[in-house]
Amino acid sequence: MARPRNDNFLRALLRQPTDHTPIWMMRQAGRYLPEYRALRRRAGGFLDLCRNPALACEVTLQPLARYDLDAAIIFSDILTVPDAMGLGLYFSEGEGPRFERPLREERDILRLTVPDPYDRLRYVTDAIAQVRRALGDRVPLIGFAGSPYTLACYMVEGASGSDYRHIKTLLYARPDLLHHLLAVTSEAVTACLNAQIEAGAQALMLFDTWGGSLSTAAYRAFSLAYLQRIIAGLKCEQKDGRVPVIVFTKGGGLWLEDIAACGCDAVSLDWTIDLGEARRRVGDKVALQGNLDPNVLFAPPAVVAAEAIKVLDCYGAGHTGHVFNLGHGISQYTPPENIAVLVETVHAYRRKPLLSENKAGNPAGNPAGHPEMA
Ligand code: 1CP
C-alpha cells in the first residue's frame, strides 16, 4: 500500500524535511469528545468499542473529522495483550481497568503462554485493516502496544492507581520470575505488533507509562532491555518504506540517551524536560515527539496558542525531526475547541509557503524560518 498524501508525520519520525510540524495527540479519540461518549453509550462500554472493528474504526476517525491531525492512532488499549494471555480484562465504572486473574503466584507466571494475535487479537488487526481502507491516502495510521514492564504492572497489581507494591516486591524478591514474565510478554507484544504491521499500521508506538517509577538500574534491566528486544524483533522494513517506532517512557527524561540508543526511531517525551535540551542531547540519533503539558488545554485559547509556540521555539527552527504531541494523554475534561486552536497554531507556525505565495513576491513568506523546507 502506498504512502499517504500527507506523510509529514512519517517524514518527521525519519528526520526528513516536512511541510509543517506534524501533530497528533495521545488519546485523541476518547472521552473529551461528545461523539465518543455517545457511541460508547450505544455500544455498552469501552471494551465493546475495542472489540468491534466497525465501531473501533468509527472512533479512530472521530478526531480526524473535527481536526486537521497528521496521524490516526488505532482505537484499542495496551491491556488487550494481557487479556489475550488469559487474565480477564474488565472495566468497572469509575475505577479504570482491572484483571479478574492478576498474577500473584509463581505457578500462574510460569503457566503464561504467547497468544496467537491472529486468533485472540483478531479484532485489533481487523480494525486496523478497516481504518486503512477508510483513511484512503489521507494520513498514516499508528499501531501500538504497552511496554512489557508497564503491562506487568497491571498484570501483577491487577488494577491501576496502585502503589506498585506487588510488582516491586516481585522485582526485588524474585527478579528471576519477573524476568520470565517480561520475556513471555515481550514475545506476545512482538507478535502483536508484527501482526499490526501486516494489517496496515504505518508507524508503531510503545507506551511505557510506568517505567519512570523504576531506579536507573532497574529501568535498564526490567524495562529498556525488553523494549530493545521487541524492537529488534519487529519487521519494520516494508516495501513502502520503514515503519518507524516511537518509544514513550513517562518520566524517562533522565535516561534519554539510553532510550535513544534502544533501536527506536523516535522518543516521545513528557512535559518535564526542555525539548531543546533534549534535542541537543540526542543529536541526530532519533526524532522527538512531544511535549506540551496536557493541562495547558484547560487554559483560554490565547494561552494554548502561546504555550504551543513555546514548545515549537524550544525545539527550535532549522531542525528536522519534531512531531508535536502532548506529554501524556489528553484529559477527559479538555474543551474540544481548544484542540482546534492547538492544531491550527502548530500548523501555521512553520508552514512551508505555498507556491502562489512565493509568486506573490513573498520570498520570505516564512517568517519563522521553516527549517525543513526542501
Ligand atoms: O471510555 C473509557 O472510559 C475508556 C477510556 C480509555 C480510552 C479512551 C481507556 C481505558 N483506554 C483508551 C484508549 C487508549 N488507551 C488508546 C487509544 C488510542 C488513542 O487515542 O491514543 C491508547 C493508545 C491507550 C494506551 C493506554 N491504556 C496506556 C498507555 C498510555 C497512557 O495513557 O499512559 C495505558 C496505561 C492504558 C491503560 C488504561 N486503559 C484505560 C485507562 C483509563 C487506562 C489508564 C489507567 C491508569 O491510569 O492506570
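The model is predicted, and residues are numbered from 1 along each chain.

**Stop 1: the ligand**

**Stop 2**

At Arg-27, look at the backbone: one of its N or O atoms lies 2.6 Å from an oxygen atom of the ligand. At Thr-209, turn to the side chain, where an N or O atom is 2.7 Å from a ligand oxygen atom. How much of the ligand's accessible area does the protein cover? On its own the ligand has 890 Å² of accessible area, and the protein covers 89% of this.

**Stop 2: the largest pocket**

Keep the ligand in view and show the pocket surface. Which pocket does the ligand take up? The space taken by the ligand is the largest pocket, with a volume of about 1500 Å³. Its lining is made of 42 residues; select Arg-27, Arg-31, Asp-77, Phe-91 and Pro-97 to see the ones that lie nearest the centre. Then colour α2 (34–43), α3 (46–50), β2 (89–92) and β3 (96–99), the elements that each give two or more residues to this lining. Of the elements, α2 gives the most, with 4 residues. By type, the lining of the largest pocket divides into 19 nonpolar, 14 polar and 9 charged residues.

**Stop 3: the second largest pocket**

Now move to the second largest pocket, which has a volume of about 340 Å³. It is lined by 20 residues, and the closest to its centre are Ile-197, Ala-201, Gln-238, Asp-240 and Val-243. Select α11 (175–199) and β7 (241–242), the elements that give two or more residues to the lining here. Which of the elements has the largest share of this lining? That is α11, with 3 residues. The lining of the second largest pocket divides into 8 nonpolar, 5 polar and 7 charged residues.

Notes. This is a predicted model: local features need pLDDT of at least 70, side-chain atom pairs count only at pLDDT 80 or more; totals for chains, interfaces and linings use all residues. Side-chain values use heavy atoms; hydrogens and water are left out. A polar contact is a pair of N or O atoms within 3.5 Å; within protein, one must be able to donate a hydrogen and the other to accept it, and residues adjacent in sequence count only if both atoms are side-chain atoms. Accessible areas come from the Shrake-Rupley method with a 1.4 Å probe; for residues, only the protein chains shown count as cover. On a 1 Å grid over the protein atoms alone, a cavity is a set of points where a 1.4 Å probe fits but cannot get out, and a pocket is an open set with protein on both sides within 12 Å along at least five of seven lines; lining residues have an atom within 4 Å of a point. A molecule sits in a cavity or pocket if more than half of its atoms lie within 2 Å of its grid points. Grid points are joined across faces, edges and corners, and a volume is the space filled by probe spheres set on the points. Ala, Val, Leu, Ile, Met, Phe, Trp, Tyr, Cys and Pro count as nonpolar, Asp, Glu, Lys and Arg as charged, and the others, Gly among them, as polar.
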